[in-house]
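Please look over the sequence and the structure first.

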Amino acid sequence: MIYLNQAATTYPKPQCVLDAHTASFSAQPAGQFRSSAAEADILEKCRRNLGTLLGIEEYDRIFFSSGATDSANALIYGLPLKGRNVVATQTEHNSILRPLMNLKEQVGSVTIVPCNADGRVEPQMVEKAITKETAAVFVNHCSNVTGMVQDIRAISEITKRKGIYLVVDASQSAGCIPLQADRWGIDILIFTGHKGLFGAQGTGGYYVRRAVSLTPYRYGGTGRDSSRLTYEDGAYEYETGTQNAPGLAALCAGVEYVLGRGVENIADKERRMMKALYAGLQEIPGIRLYGSAQSNQGPVMSFTCEGLAPSDIGYILQNGYGITVRTGLHCAPLIHEAMGTCRQGTVRVSISDLTKEADVQALLEAMREICSAAEAGL
């Protein structure tokens, strides 16, 4: 099987991730602040490693969750957004869009900033959308549909000047595109563990700058001060209940793998493979690409083929060639309005550091045969 759906969940995982996950189940159960066992605090180690990778000095402000969706809900519920406006982009994933659109008691209004057919959002369009009622801007760092990477630093300069929060969704970029949260002026960063960080599904988290006001959206046991029942002083705790220790052990190992490889080296390798993908697909008659290797710098891209539905291409690739891709709207419906692909979506191809060049060539050869047969009416 050739797996080119890395933007959904990376596969295979590095061996160190598999070993850490297995070892966590084999070892004596560890509970943060809840045990007298003298084991290293894997959560603290994971936080520290994530801080190094994501450019966050105050890594103690990184909080774990079950993933980007859980993080987004916690943030949208807990930020001071009631009666205020929120600006988001047309590239956002439903993990952001649906909480913004449905938590009506938490958000006053939502303004969507358009993108072009490649998924690029112009920073000046973000600035134009901001009003006196705007409290925060949500930006998808790397599109999970086209691979377009937004200019976070330019957008951050705008939000700082306007005195509003900048929330960045790094689900597709963490681990495969260099990130500098502090240097770029990011107030809040959302990440997930099971994609470019090579961790297990059901892990992720968010970083919140210390000056940001955030109310928890759930309360419970934390193992720190069990006598305390209320938080009148606002010294909230955001990680409640029993943490996913095996998952976070795997995430920690995944982050260590990325740090060991070097995120710049990973990005360089993925860019070379994406360049080969774009170049090869561009030569096949009937294929339309959304973006190019020059404009779309992430490890994910979309295309369509004249005369064939994306779902048909996905079926043929899976059952005729053993190649797994993803088809449809990819949980990001608004960007397809800009791309003109609302009805059937696109074929999405995504890679990781463990993708082989032979896998890319196999997809290109398969698409040559599929498009040739479609053109001949076979």
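Helix 10 passes helix 12 in a right-handed crossing. The model is a predicted one. Two packed helices are described by the angle between their axes and the distance between the axes. Here helix 10, which covers residues 310-321, packs against helix 12 at an angle of about 115 degrees, and the two axes are 11 Å apart. From helix 10, the contact is made by Ile 313, Ile 316, Leu 317 and Tyr 321. Helix 12 contributes Leu 363, Ala 366, Met 367, Glu 369 and Ile 370. Sorted by class, the contact of helix 10 with helix 12 has 8 nonpolar residues, 1 charged residue and no polar ones.

Helix 12 itself runs over residues 357-375. The buried residues of helix 12 are Asp 359, Val 360, Leu 363, Leu 364, Ala 366, Met 367, Ile 370 and Cys 371. They cover an arc of only 165 degrees around the axis, and therefore lie on the same side of helix 12. On the face turned away from that buried side are the exposed residues Glu 357 and Ala 358.

Two residues can be followed individually. Leu 363 belongs to helix 12, while Ala 293 sits in the loop between strand 9 (287-289) and strand 10 (300-305). Their computed accessibilities are listed below.

| Residue | Relative accessible area | Class |
|---|---|---|
| Leu 363 | 0% | buried |
| Ala 293 | 17% | buried |

Ala 293 counts as buried because its 17% falls under the cut-off of 20% relative accessible area.

Which residues does Leu 363 contact, leaving aside its neighbours within four places in sequence? They are Leu 4, Leu 277, Leu 317, Ile 323, Val 325 and Val 349. For Ala 293, not counting residues up to four places away in sequence, the residues touched are Lys 275 and Tyr 278.

Distances between C-alpha atoms can also be given for both residues. Leu 363 and Asn 140 are 223 residues apart along the chain, and their C-alpha atoms are separated by 28 Å. Ala 293 and Ala 72 are 221 residues apart along the chain, with 30 Å between their C-alpha atoms.

Key:
Residues are numbered from 1 along each chain as its sequence is written. This is a predicted model: local features need pLDDT of at least 70, side-chain atom pairs count only at pLDDT 80 or more; totals for chains, interfaces and linings use all residues. Side-chain values use heavy atoms; hydrogens and water are left out. Helices (H or I, at least four residues) and strands (E, at least two) are DSSP runs, numbered from the N terminus. The expected span of a helix is 1.5 Å times one less than its number of residues. Buried means under 20% relative accessible area, exposed over 50%, partly exposed in between (1.4 Å probe, protein chains only). The arc is that of the directions from the helix axis to the C-beta atoms. Axes are lines fitted to C-alpha atoms, for helices over the stretch in contact, and angles run from 0 to 180 degrees between N-to-C directions. A crossing is left-handed if the near helix is turned anticlockwise from the far one by less than a right angle, and right-handed if clockwise. Contact means heavy atoms within 4.5 Å. Ala, Val, Leu, Ile, Met, Phe, Trp, Tyr, Cys and Pro count as nonpolar, Asp, Glu, Lys and Arg as charged, and the others, Gly among them, as polar.
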